[in-house]
Amino acid sequence: MSIPTSRRLGLELLKVARQPNPCLRHLLNFETRQSTAPCARFFSFQPTRRAASGATPKTPNRPRRIRPLHVLAAGGGLLTVLFSVLQPVTHEPLEAPRSSDPPLPNPTSDNDDNNDGLPRYRLSEIKEHGPKSENPWVIYEDKVYDITDWVPAHPGGEVIRRAAGGSIEPYWDIFSIHKSPYVREILEQYVVGKVHPDDLENGRPLQDHIEDPFTADPIRDGRLKKLTQKPCNAETPGQELAESFLTPNEVFYVRNHMWVPVVEESEAEGHSITVELPDGDSKTYTIKELKDRFKQHTVTAVLQCSGNRRSDMTRYVKKTNGLQWTVGAISCAKWEGVRLRDVLADAGLSLEDPGEDAQHIQFSGLEAYGASIPISSILDPMGDVLLAFKMNDAPLPRDHGFPVRVIVPGTVAARCVKWVNKIVVSDEESNTTWQRRDYKCFGPNEVKQDWDKYKAIQIMPITSAITRTGLKPADKTPAESIVVQIEGYAYSGGGREIQRVDVSLDGGETWDQAQLIDDTKLERGSKAWCWKRWKYETKLSEIAKASNGEAKTTLVVKATDDAYNTQPETHKSIYNLRGNLATAWHRVDFDCGAAVKGVGESGGKK
């Protein structure tokens with residue numbers, strides 16, 4: 001009886017047996033143990049490939065896959081049947097070298113203590129296994145790892161490939177989730193050697209040989225208020241927020257999770273986006289095809305980070321985790337592109353009856369970032385979801401998604417994926433960290449976060465902020481007659497229009513209404529996707545009166561939208577450890593004495 005035949009018979013026997021013999025169950029567990037372990041479920045452990053001729057380095061002990069049990073089956077007895085069942089279902093020799101694999105470099109001989117049995121490699125040799133190699137290698141601390149089999153199984157495999165030929169540590173400084181014993185244990189399965197001691201400095205590869213993944217990032221405008229350099233996260237300064245309805249591209253706030261992908265302008269039209277439907281059918285479009293085949297639309301919309309004004313929550317309550325944005329993680333622009341619903345319909349999705357398996361639209365970007373939105377945003381003909389190519393009448397800047405990004409008006413900017421290259425219609429939301437384990441809002445008491453408990457943030461709540469205060473220039477005007485001008489923005493997600501902005505000069509004791517600036521001639525779209533700029537003018541004497549004799553007073557602003565949603569009074573009531581959706585009344589201290597003193601020096605604005 002042949003081995004494949006006996007295996008089939010053995011499987012049939014096991015189907016018949018409702019309760020396998022305990023000893024057989026133990027053997028089955030032994031055979032499948034590795035395939036059910038979490039690390040093996042995502043990573044395929046392969047033996048180290050043989051080095052080139054003339055180099056026979058001793059490889060370290062590594063977990064071995066269960067080899068096929070070669071059994072003499074001439075008699076076709078029960079033992080043959082059972083052992084045949086226990087064989088792995090692969091017919092490939094486990095150590096057969098791939099014909100296309102380049103030979104490993106000869107490990108450089110050295111005189112250091114080599115009791116660990118690992119060969120030593122020079123950095124020049126490791127570099128040969130760079131991002132374009134079929135056998136990428138990385139360095140962690142002083143060890144060398146062959147991650148060939150890790151790349152296709154890892155969610156960020158293509159990002160990991162960027163580190164090939166050098167140290168992976170700068171990348172793990174960004175993806176700190178990898179800094180755990182569990183991941184280190186997985187990585188150890190792939191060790192092939194160590195870095196030659198002549199290329200080490202304090203036990204690490206010489207820094208000159210570590211590639212900085214951010215070297216190709218664009219140069220940013222000096223007016224941006226940078227919170228982090230690598231990756232770049234920078235907010236729009238208050239002066240620029242107040243200056244114009246459309247935020248200039250150069251000072252539009254920047255939120256990056258990684259480096260900026262490089263897409264050459266000459267190749268932009270050929271950049272492709274693959275659309276995948278629930279039944280597995282897929283269709284790929286280049287940017288040129290999208291522009292040529294679909295009608296282009298213009299939408300004016302605000303993008304806002306869920307952490308905008310996080311620093312206020314930290315200031316008034318307690319520590320929050322995340323970038324400490326002030327009021328500038330928000331900007332407004334005119335976006336041009338094609339409607340995503342038109343593209344999905346062309347790809348074969350029925351907009352009238354998409355089916356039960358079509359619940360979410362997942363987006364993936366070139367830098368491995370991913371997020372998703374409910375399909376309802378696409379099915380709504382007034383949803384205005386775009387694949388955008390232009391921003392304020394110019395091609396998208398690199399920091400903002402060149403050559404194409406998703407724009408989901410009224411939704412948190414985290415869903416507006418940049419550099420998008422794949423769209424999947426699915427029955428579940430994106431499985432990325434940014435969708436499932438971030439950008440959620442917990443209760444003030446929930447220190448331990450159960451990420452499965454709440455939905456991901458989508459539509460943004462109402463907010464407002466003071467972006468600039470100043471004194472209107474006036475010659476030979478008595479101090480009590482000097483006019484103070486207060487400016488800011490108000491915004492509500494979901495297409496809800498701002499109805500009213502209330503301003504207080506005394507910390508919220510008394511109120512008056514601000515003037516809403518009419519920018520409707522610049523608005524585009526099916527709903528109110530934009531912010532409202534506002535201003536409020538009063539005499540300095542009125543502010544001094546409101547301060548009750550104190551040198552300083554607190555200016556406060558709050559807004560109300562057309563559904564009569566309004567902002568909470570305090571951040572304490574909406575506190576969450578992550579510092580998301582910090583939308584309480586915005587407060588700014590105003591020094592009356594300093595204002596009078598500085599009127600001649602600043603010419604009014606400050």
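## Around helix H12

Helices here are DSSP runs of H or I, at least four residues long, and strands are E runs of at least two, both numbered from the N terminus. This is a predicted model, where local features need pLDDT of at least 70, side-chain atom pairs count only at pLDDT 80 or more, and totals for chains, interfaces and linings use all residues. Numbering runs from 1 along each chain as its sequence is written, and side-chain values use heavy atoms, leaving out hydrogens and water.

H12 itself spans residues 340-347, and its buried residues (under 20% relative accessible area, 1.4 Å probe, protein chains only) are Leu 340, Arg 341, Val 343, Leu 344 and Ala 347. They sit on the same side of H12, because they cover an arc of only 160° around the axis, taken from the directions from the axis to the C-beta atoms.

A contact means heavy atoms within 4.5 Å.

## Confidence and overall numbers

The predictor's confidence, pLDDT (0 to 100 for each residue), averages 82, and 76% of the residues score at least 70. Watch residues 1-101, though: pLDDT stays under 50 there.

Overall, the protein has 16 helices and 27 strands, and 49% of its 606 residues count as buried.

Terms used:
Buried means under 20% relative accessible area, exposed over 50%, partly exposed in between (1.4 Å probe, protein chains only).
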